[in-house]
Protein chains: 2
Amino acid sequence: MEDAPYNLNGRIWMEVNSGKVLGHGRVELLERIQASGSIRQAALQMKMSYKQAWDLVNHINSNFESPIVISHRGGKGGGNAVVTEAGLNLISHFHLLQEKFNAFLKENNGSVQI
Amino acid sequence: MEDAPYNLNGRIWMEVNSGKVLGHGRVELLERIQASGSIRQAALQMKMSYKQAWDLVNHINSNFESPIVISHRGGKGGGNAVVTEAGLNLISHFHLLQEKFNAFLKENNGSVQI
DNA sequence: TATCGTTATATAAATAAAAATATAACGATA
DNA sequence: TATCGTTATATTTTTATTTATATAACGATA
């Protein structure tokens, strides 16, 4: 009979209409869009295809009443994307949840008798 | 400025040597092995291939000092598999963690201003 | 008004994951 | 000792996912 130490790990996400809309990866994408002003640049930074990034943004936008990312094509720089006030609220709220969750995980590390 | 209600959802798992070894799905697999005495039956019940189930069991076993599932081939019924005392401890410990986590999720449902 | 790099979208190609199939090993028991 | 259903393992086939490629639309600005 000995001890098996383990680390507890996990993921959380926000659901709307019973579907995942916002987790760790999407929040990082929003932050990079906000920082760079570009969906393409954010995608490059995260080593994902533009299509994937666009699909994620589109999915997020279509699951909230207010737009989260507003994008424009054409013009100076070819186009741009910005995260709205609503989006910034989502980001900071998710960070809050994530911090609580991190504490939960830390508290629940331990070991089992095996 | 309106409200976006959301449900918080997520998954937790136990890690050993920085690798995932036990989460919701694997615990269910162990329970079904215990109940049926057969890896094959457990796999069928969970609609996964025998290979996938065996790989999971093998992965679990090789990440703990003590065996979690002991299997035999041949003999009455063609063979069988049993979950060890150590495995049962893992199962009940994970359930404990999962219950705490469920409470955490419930507490942290809410809404964001968007 | 021609150019630029980005957004938006569709389609094809490549890769990865999962499922299906096949086969040997096994040992109680009939 | 022949049979049985399961474990254990490898290989093939199928499916799903991801990535790559292509192209049109766009509007500030030079």
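Q: How do β1(A) and strand β1 of chain B pair, in the parallel or the antiparallel sense, and over how many bridges?
A: Two strands are said to pair if DSSP finds at least two bridges between them, and strands here are DSSP runs of E with at least two residues, while helices are runs of H or I with at least four, numbered from the N terminus. In this predicted model, β1(A) and strand β1 (residues 3-16) of chain B pair in the antiparallel sense over nine bridges. Along this pairing, A:Asn7 stands opposite B:Glu15, and B:Gly10 is the bridge partner of A:Ile12.

Q: How should I read the numbering and the limits of the model?
A: Residues are numbered from 1 along each chain as its sequence is written, with chains lettered from A and ligands numbered from 1 in the order in which they are written. Since the model is predicted, local features need pLDDT of at least 70 and side-chain atom pairs count only at pLDDT 80 or more, whereas totals for chains, interfaces and linings use all residues.

Q: Which strand of chain B pairs with β1(B) over four bridges and forms a hairpin with β1(B)?
A: That strand is β2 (residues 19-23), which pairs with β1(B) in the antiparallel sense over four bridges, and B:Met14 stands opposite B:Leu22 there. Two residues lie between β1(B) and β2(B) in the hairpin, and B:Asn17 in the turn has a positive phi of about 55°.

Q: How many residues of chain A are in contact with chain B?
A: Residues are in contact if their C-beta atoms, placed from the backbone, lie within 7 Å, and here 27 residues of chain A are in contact with 27 residues of chain B. On the chain A side, β1 (3-16), α4 (85-107) and β5 (110-113) each supply at least two residues, and the largest share, 12 residues, comes from β1(A).

Q: Which residues come nearest to DNA strand C?
A: A residue is near a strand if its C-beta atom, placed from the backbone, lies within 6 Å of it; of the 23 residues around DNA strand C, those that come nearest are A:Arg40, A:Arg73, A:Gly78, B:Gly74 and B:Gly75. Among the elements that give two or more residues to this surface are α2 (39-45) of chain A and α3 (50-61) of chain B, while β4(A) gives the most, with three residues.

Key: Contact = placed C-beta atoms within 7 Å.
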